[in-house]
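Take a look at the sequence and the structure, then work through the steps.

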Amino acid sequence: MPLVTTTEMFKKAYEGGYAIGAFNVNNMEIVQGITEAAAEEKSPIILQASAGARKYANAAYLKHLVDAALEIYPDLPIALHLDHGADFEICKSCIDGGFTSVMIDGSSKPFDENVALAKKVAEYAHERGVVVEAELGTLAGIEDDVKVSEEDSSYTRPEEVQEFVDRTGVDSLAIAIGTSHGAYKFKPGTNPQLRFDILEEVAKRLPGFPIVLHGASSVPQEYVKIINENGGALKDAIGVPEDQLRQAARMAVCKINIDSDLRLALTAGIREHMAAYPDHFDPRQYLTPARANVKAVVKHKIAEVLGSSGKAL
Ligand code: 13P
């Protein structure tokens with residue numbers, strides 16, 4: 001089947017109390033690992049590309065890699081999403097280039113500017129059958145070109161969400177409830193706790209409306225350990241507890257963004273292989289276990305965290 005939008009995916013996910021994984025793609029092995037996992041789990045999937053991914057791989061390569069996945073898995077519902085579109089032009093270029101979903105990230109702008117920008121993108125996208133995600137509230141952390149310090153981050157204000165959605169016409173909304181981008185989400189010794197009270201209040205004000213969680217990697221400690229035991233230095237890497245993500249998926253959250261966990265899985269595979277076989281220099285030798293790690297982590301997320309196994313049927 002051709003690429004789909006997230007409309008149907010989110011409707012079913014909301015009603016079914018599960019979420020769709022939105023996994024960041026940067027190269028062939030990552031696309032392969034994710035889609036193989038999703039096909040085996042029979043789970044709908046969102047593949048998303050950030051500005052950094054487009055810069056690294058070239059947008060054309062990414063699009064064609066995703067097209068290859070569609071050819072290999074004709075029964076798998078796949079949406080192609082722009083992650084953190086910074087302005088109208090990048091959203092337009094992705095919409096024109098075949099993406100089925102874009103995010104316009106005006107979260108660092110004043111409310112009215114965020115509204116005006118999201119509305120402009122939504123109008124352009126909807127005329128072309130593409131859906132739009134926007135963000136209210138600001139996540140801390142680092143993701144490619146998006147860097148926000150803890151002092152500049154802020155929780156979503158539930159009293160703003162209804163007006164924002166009404167005025168912009170966007171199709172889904174990312175909110176800030178304590179997640180953050182990157183592998184260092186919480187200080188060691190603290191008790192990671194998402195603000196479910198905010199999520200609940202948002203859901204009350206936007207009944208049936210799909211909510212998105214960015215910065216939702218759980219930073220699997222087994223991969224952190226493998227990386228550190230094989231020459232890495234990831235100190236105090238801490239993610240979102242998976243039971244809290246599962247809880248969010250049962251509530252109004254329909255899309256959960258995961259990038260760092262894929263990076264950790266891939267890097268752990270490469271480092272472990274390189275340390276065990278110092279004489280190897282064929283990329284296929286070390287990228288094979290790295291890709292298998294990506295697949296394993298995505299299968300685990302789908303089955304145990306998102307709850308989307310079997311939902312592509
Ligand atoms: P993580 O860094 O937690 O994987 O978040 C990724 C993300 O939100 C992409 O937009």
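**Exercise 1.** Find the strand that holds Asp-83, and decide whether this residue is buried or exposed.

*Solution.* Step one: Asp-83 sits in strand β3 (strands are DSSP runs of E with at least two residues, numbered from the N terminus). Step two: Asp-83 counts as buried because its relative accessibility is 1% (buried means under 20% relative accessible area, exposed over 50%, with a 1.4 Å probe and protein chains only). Step three: an unreviewed UniProt entry annotates Asp-83 as "active site", and such annotations may be inferred rather than shown by experiment.

Before you go on: this is a predicted model, where local features need pLDDT of at least 70 and side-chain atom pairs count only at pLDDT 80 or more, while totals for chains, interfaces and linings use all residues. Residues are numbered from 1 along each chain as its sequence is written, and side-chain values use heavy atoms, leaving out hydrogens and water.

**Exercise 2.** Which side chain makes a polar contact with that of Asp-83?

*Solution.* The partner is Asn-24, at 3.0 Å (a polar contact is a pair of N or O atoms within 3.5 Å; within protein, one must be able to donate a hydrogen and the other to accept it, and residues adjacent in sequence count only if both atoms are side-chain atoms).

How values were computed. Helix = DSSP H or I, 4+ residues; strand = E, 2+ residues; numbered from the N terminus.
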